[in-house]
Protein chains: 2
Amino acid sequence: MAERGRPRRFDRQAALDRAMEIFWERGYQAASMADLTEAMSINSPSLYAAFGSKEELYREAIAHFAATESDAILSPLREAKTARAAIEGYLLASAATFTRPGRPPGCMVVMSAVNAVGVGDETNRVLREMRAGSIDMIEDRLQRAVAAGELPAAFDPHAVASYYVTVQQGMSIQARDGASRPVLEMIARAAMAAWDALVLPRVAAA
Amino acid sequence: MAERGRPRRFDRQAALDRAMEIFWERGYQAASMADLTEAMSINSPSLYAAFGSKEELYREAIAHFAATESDAILSPLREAKTARAAIEGYLLASAATFTRPGRPPGCMVVMSAVNAVGVGDETNRVLREMRAGSIDMIEDRLQRAVAAGELPAAFDPHAVASYYVTVQQGMSIQARDGASRPVLEMIARAAMAAWDALVLPRVAAA
DNA sequence: CCATTTATGTATTGAACGATACATAAATGG
DNA sequence: CCATTTATGTATCGTTCAATACATAAATGG
């Protein structure tokens with residue numbers, strides 16, 4: 001029951017990685033099939049045979065991004081000992097990965113809020129859920145800190161999570177505009193300056 | 001010396017306003033000439049006669065945006081009595097204009113950092129300068145507050161300006177993802193929670 | 001009244017788009 | 001050894017893209 005037929009001559013994962021970079025840099029619509037096939041070093045029939053269509057390739061590229069690029073950003077949320085360290089780690093890891101050499105600046109999923117025009121409804125729903133998922137993960141981490149008594153009961157995890165994700169998304173824009181890692185780290189530290197005040201109740205009130 | 005020739009049958013400013021909305025919503029490349037001519041209710045020869053090319057129309061749309069949409073956001077920076085009120089007014093005005101009914105969500109110039117792919121170098125340079133200009137305006141306002149003794153000399157206007165512009169750009173992404181005005185205002189207030197700590201020196205240090 | 005000027009609507013243009021048809025190549029199964 | 005299966009490279013497909021040619025309409029100037 002081995003593989004039948006002529007074997008594929010290219011590395012599917014490597015080609016997907018190249019496609020991810022093109023979509024990451026240009027977005028969905030502005031990445032042409034010619035751009036993709038050139039970056040992947042294959043002809044378009046091979047691309048269609050292996051990935052189905054431009055949009056299916058895009059969806060695989062998003063999944064590949066989530067599987068390979070986002071863990072470095074999210075792991076501090078799981079591993080940091082305190083809620084504050086979790087948030088700070090999240091922002092500092094974002095500063096690092098948003099400016100990683102050899103990769104397009106910023107976050108592909110954040111960019112997709114703006115440059116996934118032309119993509120189908122279902123794909124857009126998935127992307128939106130991935131972005132909302134960041135808020136949920138941070139909110140959960142803060143909620144656990146409240147439950148553990150580390151943060152006061154009147155603390156508003158959703159408001160604070162929304163705020164820090166917003167900062168991170170802004171950092172993605174800044175990275176796209178050329179901000180270096182130290183600049184993004186400076187912004188992250190400025191955002192953390194809000195922490196002590198946010199830990200006190202009354203943040204979300206009108 | 002009145003106008004020679006057959007008079008234009010459409011309102012140039014109104015048509016430009018429609019074109020701005022299309023570019024604002026979709027970005028440069030994903031906005032097709034068919035989209036534009038339909039929204040502007042003109043045929044493509046009229047568009048080319050009046051605006052020159054798609055990219056020239058885009059540049060006029062950006063200028064139109066700057067002239068009509070951005071003052072509401074920037075005026076607090078000129079008019080607020082204190083530096084803190086200036087920043088807070090900037091963020092709250094952003095929350096309002098990013099969710100204005102009948103307009104695409106978020107800021108067209110912020111979006112252009114991601115969706116102006118395919119535009120010429122010169123146009124991209126103008127857009128980048130507009131985004132950097134926001135930091136400069138806030139930095140100037142803070143610098144004046146330092147000069148006036150309202151803020152301590154060790155205060156870092158550039159770092160704080162970069163931080164608040166980053167928050168505002170993140171709010172633009174959030175708006176694009178459907179965040180309402182109250183949600184954005186909540187985020188703005190969370191960002192302002194950093195103010196007291198930022199006013200103390202040592203923010204930008206490593 | 002007619003030459004000139006500018007705008008309009010129809011009908012295309014060549015190029016680039018996403019996607020395939022098809023003949024051939026290279027593997028497995030019996 | 002040959003039928004079957006899958007991948008490849010060439011050469012397109014029909015569509016949509018941004019941009020125009022051209023004939024006509026509607027204004028001004030003299």
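1. Burial and overall form of chain A. In this predicted model, 45% of the 206 residues of chain A count as buried. The C-alpha trace of chain A spans about 65 × 40 × 30 Å along its principal axes. Chain A contains 11 helices and 0 strands, and its elements therefore read, from the N terminus on, as α-α-α-α-α-α-α-α-α-α-α. Among the contacts in chain A between residues at least 6 apart in sequence, 65% join residues at least 24 apart.

2. Relation of the two chains. Two copies of a chain are related by a rotation about an axis and a shift along it.

3. The contact between chains A and B. Each chain is represented in this contact, with 39 residues from chain A and 39 residues from chain B. On the chain B side, the elements that give two or more residues are helix H7 (108-115), helix H8 (121-147), helix H9 (157-176), helix H10 (181-192) and helix H11 (195-199). H9(B) provides the largest share of that side, namely 12 residues. By class, the side of chain B that touches chain A comprises 23 nonpolar, 9 polar and 7 charged residues.

4. The surface near DNA strand C. DNA strand C is surrounded by 27 residues, and the closest are A:Arg6, A:Met33, A:Lys54, B:Gly5 and B:Arg6. Helix H2 (33-40) and helix H3 (44-51) of chain A, along with helix H3 (44-51) of chain B, each supply at least two residues of this surface. H3(B) gives the most to the surface near DNA strand C, with 4 residues. The residues of that surface comprise 12 nonpolar, 8 polar and 7 charged.

5. The surface near DNA strand D. Around DNA strand D there are 27 residues, of which the closest are A:Gly5, A:Arg6, B:Arg6, B:Met33 and B:Lys54. At least two residues of this surface come from each of H3 of chain A, helix H2 (33-40) of chain B and H3 of chain B. The element that gives the most to the surface near DNA strand D is H3(A), with 4 residues. The class division for DNA strand D is 12 nonpolar, 8 polar and 7 charged residues.

6. Packing of H1 against H4 in chain B. Two packed helices are described by the angle between their axes and the distance between the axes. For helix H1 (residues 12-26) and helix H4 (residues 54-68) of chain B, the axes come within 9 Å and cross at roughly 95°. Angles of 65 to 115 degrees count as roughly perpendicular, and H1(B) and H4(B) are therefore roughly perpendicular to each other. H1(B) brings B:Leu16, B:Asp17, B:Ala19, B:Met20, B:Phe23 and B:Trp24 to this contact, where they meet B:Leu57, B:Tyr58, B:Glu60, B:Ala61, B:His64 and B:Phe65 of H4(B). The contact of H1(B) with H4(B) consists of 9 nonpolar, 1 polar and 2 charged residues.

7. Packing of H5 against H6 in chain B. The axes of helix H5 (residues 71-79) and helix H6 (residues 83-97) of chain B come within 7 Å and cross at roughly 170°. This angle makes H5(B) roughly antiparallel to H6(B), the cut-off for that term being over 145 degrees. From H5(B), the residues B:Ala72, B:Ile73, B:Pro76 and B:Leu77 meet B:Ala86, B:Gly89, B:Tyr90, B:Ala93, B:Ser94 and B:Thr97 in H6(B). There are 7 nonpolar and 3 polar residues in the contact of H5(B) with H6(B), and no charged residues.

8. The setting of B:Ile135. This residue belongs to helix H8 of chain B. B:Ile135 has 20 C-beta neighbours inside 10 Å and so counts as buried, given that the term requires 20 or more. Leaving aside residues up to four places away in sequence, B:Ile135 touches B:Ala161, B:Ser162 and B:Val165. B:Ile135 and B:His158 are separated by 23 residues in sequence, while their C-alpha atoms are 7.5 Å apart in space.

Terms used
Residues are numbered from 1 along each chain as its sequence is written. Chains are lettered from A and ligands numbered from 1 in the order in which they are written. This is a predicted model: local features need pLDDT of at least 70, side-chain atom pairs count only at pLDDT 80 or more; totals for chains, interfaces and linings use all residues. Two residues are in contact if their C-beta atoms, placed from the backbone, lie within 7 Å. Ala, Val, Leu, Ile, Met, Phe, Trp, Tyr, Cys and Pro count as nonpolar, Asp, Glu, Lys and Arg as charged, and the others, Gly among them, as polar. A residue is near a molecule or strand if its C-beta atom, placed from the backbone, lies within 6 Å of it. Axes are lines fitted to C-alpha atoms, for helices over the stretch in contact, and angles run from 0 to 180 degrees between N-to-C directions. Angles under 35 degrees count as roughly parallel, over 145 as roughly antiparallel, 65 to 115 as roughly perpendicular and the rest as oblique. A residue is buried if 20 or more other C-beta atoms lie within 10 Å of its own, exposed if 12 or fewer, and partly exposed in between; C-beta atoms are placed from the backbone.
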